[in-house]
Amino acid sequence: MGGPALRPQQNFASEPAATAKVSKIAPARIDSFQGPYRFLSNFWPAGVVFENLTFPSVEHAYQSAKTLSLEDRRRIAKLPIPAEAKAEGRKLVLRTDWEK
């Protein structure tokens, strides 16, 4: 049960959109992840645990899932912003079953 040490999850409840009031009337269509829907973006800061590693966003976890290299996954988990994780994900050697 050893596995890699997990970083404590951050509390993002104080983020502006997390405390913003969302309209009780659902929009006909959500066409972007901005304003009150920013939290739906993969770039939204949310602690995600994937395969015993904690990532600062869904984007970080998604990009790390492209590889089976634990070293690459750990490196992506340490990147400060989701855009950097996305850029690094483009450089990875994809796991053989990624496109299936």
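1. Salt bridges. The structure, which is a predicted model, holds 5 salt bridges. Three of them are taken up in the points that follow, beginning with the pair Asp-72 and Arg-75.

2. Asp-72 and Arg-75. These two residues form a salt bridge in which the closest N and O atoms are 3.1 Å apart. Both belong to helix H3, which spans residues 70–77. Because they are 3 residues apart in that helix, about one helical turn separates Asp-72 from Arg-75. Arg-75 itself has a relative accessible area of 33% and is therefore partly exposed, since this class covers values between the limit for buried, under 20%, and the limit for exposed, over 50%.

3. Arg-75 and Glu-88. Arg-75 also forms a salt bridge with Glu-88, and here the closest N and O atoms are 2.7 Å apart. Arg-75 lies in helix H3, whereas Glu-88 lies in helix H4, made up of residues 82–91, so the pair ties together parts that are 13 residues apart in sequence. The student may wish to locate both helices in the structure before reading on.

4. Arg-95 and Asp-97. Which residue forms a salt bridge with Arg-95? The partner is Asp-97, with 2.7 Å between the closest N and O atoms. Arg-95 is partly exposed, its relative accessible area being 22%. Asp-97 also counts as partly exposed, at a relative accessibility of 36%.

5. A network. Salt bridges that share partners join four residues, Asp-72, Arg-75, Glu-88 and Lys-91, into one network.

6. Secondary structure. The protein contains 4 helices and 2 strands. Read from the N terminus, the order of these elements is α-β-β-α-α-α. Helices H3 and H4, discussed above, carry Arg-75 and Glu-88 respectively.

7. Burial and surface. What share of the residues in the protein is buried? Of the 100 residues, 28% are buried. The accessible surface of the protein amounts to about 7200 Å², and carbon and sulfur atoms account for 56% of that surface.

8. Contacts along the sequence. The last point concerns contacts in the protein between residues at least 6 apart in sequence. Among these contacts, 39% join residues that are at least 24 apart.

Definitions and conventions:
Residues numbered from 1 in each chain as written. Predicted model: local features only at pLDDT ≥ 70, side-chain atom pairs only at ≥ 80, totals over all residues. Heavy atoms only, no water. Buried < 20%, exposed > 50% of the residue type's maximum accessible area, 1.4 Å probe, protein only. Contact = heavy atoms within 4.5 Å. Areas by Shrake-Rupley, 256 points an atom, 1.4 Å probe, with all protein chains shown as cover. Salt bridge = Lys/Arg side-chain N within 4 Å of Asp/Glu carboxyl O.
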